[in-house]
Amino acid sequence: MPQLDTVELDSAHGPEFLHGQSQLDKYRAHLDWMETASLSAADSRDFMHGIAVTF
């Protein structure tokens, strides 16, 4: 139920809860951007393997 969505952000001053529609829209946009910028699971594994064999 979208109207019950809440995001909890941890900070040095304690938790912050985001539940306003504009706040949630902004947070979702950030998550969408991170997903497009992230490697796939297989690419992540290959990347880490490449680092491990280098050292």
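Predicted model: local features only at pLDDT ≥ 70, side-chain atom pairs only at ≥ 80, totals over all residues.
Residues are numbered from 1 along each chain as its sequence is written, and side-chain values use heavy atoms, with hydrogens and water left out.

Let me start with the overall layout. The protein chain has 2 helices and 2 strands, where helices (H or I, at least four residues) and strands (E, at least two) are DSSP runs numbered from the N terminus, and along the sequence they come in the pattern β-β-α-α. The radius of gyration, taken over C-alpha atoms, is 17 Å, well over the 10 Å that the globule rule gives for 55 residues, so the chain is more spread out than a compact globule; that rule is 2.2 Å times the number of residues to the power 0.38. Along the principal axes, the C-alpha atoms fill a box of roughly 45 × 25 × 15 Å. Buried residues make up 5% of the 55 residues, and here buried means under 20% relative accessible area, exposed means over 50%, and partly exposed is in between, with a 1.4 Å probe and protein chains only.

Turning to the strands, β1 (residues 7–11) and β2 (residues 14–18) pair in the antiparallel sense over 5 bridges, pairing being assigned if DSSP finds at least two bridges between two strands. The two form a hairpin with 2 residues between them, and within this pairing the bridge partner of leucine 9 is glutamate 16 in β2.

Next, the salt bridges, of which the structure holds 2; the criterion is a side-chain nitrogen of Lys or Arg within 4 Å of a carboxyl oxygen of Asp or Glu. In one, the side chains of arginine 28 and aspartate 5 meet at 2.4 Å, N to O, and this pair links distant parts of the chain, with arginine 28 in helix α1 (residues 21–37) and aspartate 5 in the segment before β1, 23 residues apart. In the other, arginine 28 meets aspartate 25 at 3.7 Å, and both of these residues lie in helix α1, 3 residues apart, about one turn of the helix.

Finally, helix α2. Its 14 residues should span 20 Å at 1.5 Å a residue, and the end C-alpha atoms are 20 Å apart, which agrees; the expected span is 1.5 Å times one less than the number of residues. How many of the residues of α2 are buried? The number is 0, so this helix lies largely in the open. Phenylalanine 47 sits in α2, which covers residues 41–54, and together with Leu39, Met48, Ile51 and Phe55 it forms a nonpolar surface patch with about 620 Å² of accessible area. Patches are made of residues with over 30% relative accessible area and no salt bridge, like charges being joined within 9 Å and nonpolar side chains (Val, Leu, Ile, Met, Phe, Trp, Tyr) within 5 Å.

Technical notes: Areas by Shrake-Rupley, 256 points an atom, 1.4 Å probe, with all protein chains shown as cover.
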